[in-house]
Amino acid sequence: MISILVVSHGDFAKSLIQTAEMIAGKQNQVGWVSLAANDGVTSLSTKVKATLGKFPKDAQTLILADLWGGSPFNVSAQIVAENPESMALIAGVNLPILLEAYMARNSTLTELVNKINEISDDSIRQFTLPTDDDDLGDDL
């Protein structure tokens with residue numbers, strides 16, 4: 001099973017995992033790390049490495065970061081660069097992506113990353129009112 005680590009600014013990672021647990025139940029090999037206002041890159045790196053150390057040594061790991069280019073992403077990218085065979089990093093985590101990761105985590109890391117990339121465009125959508133030409137029936 002692929003381990004999953006969510007890394008974010010503030011309490012977003014913790015809240016995201018707690019929310020996902022309401023839908024999918026408690027998950028094994030899932031962790032979170034939050035960048036606090038008083039954290040620097042060094043303390044964040046220490047927290048990420050400590051959390052990764054709680055996962056099984058032979059498990060592949062997917063890291064989901066909140067924002068491309070932010071400190072949580074940059075610290076995670078350095079760690080993934082040191083372990084490219086066993087780790088992957090995706091930025092822009094949201095609830096649909098995390099839930100998809102939960103459902104597909106028994107696949108290979110490459111398959112899981114490809115699946116998340118496939119569904120990522122559909123994870124953010126605008127609601128629009130149907131027109132008279134739409135055949136939605138009673139879907140709303």
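1. Strand S2 (30-35) is mostly covered, with 5 of its 6 residues buried. Buried means under 20% relative accessible area, exposed means over 50%, and partly exposed lies in between (1.4 Å probe, protein chains only). Helices (H or I, at least four residues) and strands (E, at least two) are DSSP runs, numbered from the N terminus.

2. Basis of the note. This is a predicted model: local features need pLDDT of at least 70, side-chain atom pairs count only at pLDDT 80 or more, and totals for chains, interfaces and linings use all residues. Residues are numbered from 1 along each chain as its sequence is written, and side-chain values use heavy atoms, with hydrogens and water left out.

3. Overall layout. The protein has 5 helices and 4 strands. Along the sequence they follow the pattern β-α-β-α-β-α-β-α-α. The C-alpha trace spans about 55 × 35 × 25 Å along its principal axes. Of the 140 residues, 40% count as buried. Take contacts between residues at least 6 apart in sequence: 72% of them join residues at least 24 apart. Contact means heavy atoms within 4.5 Å.

4. The S1/S2 pair. Strand S1 (residues 3-9) runs parallel to S2, and the two pair over 6 bridges. Pairing requires at least two DSSP bridges between two strands. Val6 stands opposite Trp32 in S2. S1, H1 and S2 form a right-handed β-α-β unit. Right-handed means that, with the strands pointing away from the viewer, the path from the first strand over the helix to the second runs clockwise.

5. Gln29. This residue sits in the loop between helix H1 (12-24) and S2. Buried or exposed, or in between? Gln29 is partly exposed, because its relative accessible area is 23%.

6. The S3/S4 pair. Strands S3 and S4 (residues 87-91) pair in the parallel sense over 5 bridges. Thr61 stands opposite Met87 in S4. The chain passes from S3 through H3 to S4, and this β-α-β crossover is right-handed.

7. Trp68. Its place is the loop between strand S3 (61-65) and H3. Trp68 counts as exposed because its relative accessibility is 67%. Leaving aside neighbours within four places in sequence, Trp68 contacts Phe73 and Ala91. Trp68 and Ser3 are 65 residues apart in sequence and 21 Å apart in space, C-alpha to C-alpha.

8. Pro72. This proline is found in helix H3. Pro72 is buried, because its relative accessibility is 0%. Not counting residues up to four places away in sequence, Pro72 touches Val7, Ser8, His9, Leu35, Leu44 and Asp66. From Pro72 to Leu95 is 23 residues in sequence and 18 Å in space, C-alpha to C-alpha.

9. The largest pocket. Its volume is about 190 Å³. It is lined by 13 residues, of which Leu52, Gly53, Thr61, Asn83 and Met87 lie nearest its centre. Helix H2 (41-52) and helix H3 (71-82) are the elements that give two or more residues to the lining. By class, the lining has 6 nonpolar, 4 polar and 3 charged residues. Nonpolar covers Ala, Val, Leu, Ile, Met, Phe, Trp, Tyr, Cys and Pro; charged covers Asp, Glu, Lys and Arg; the others, Gly among them, are polar.

10. Pocket terms. On a 1 Å grid over the protein atoms alone, a pocket is an open set of points where a 1.4 Å probe fits, with protein on both sides within 12 Å along at least five of seven lines; lining residues have an atom within 4 Å of a point. Points are joined across faces, edges and corners, and a volume is the space filled by probe spheres set on them.
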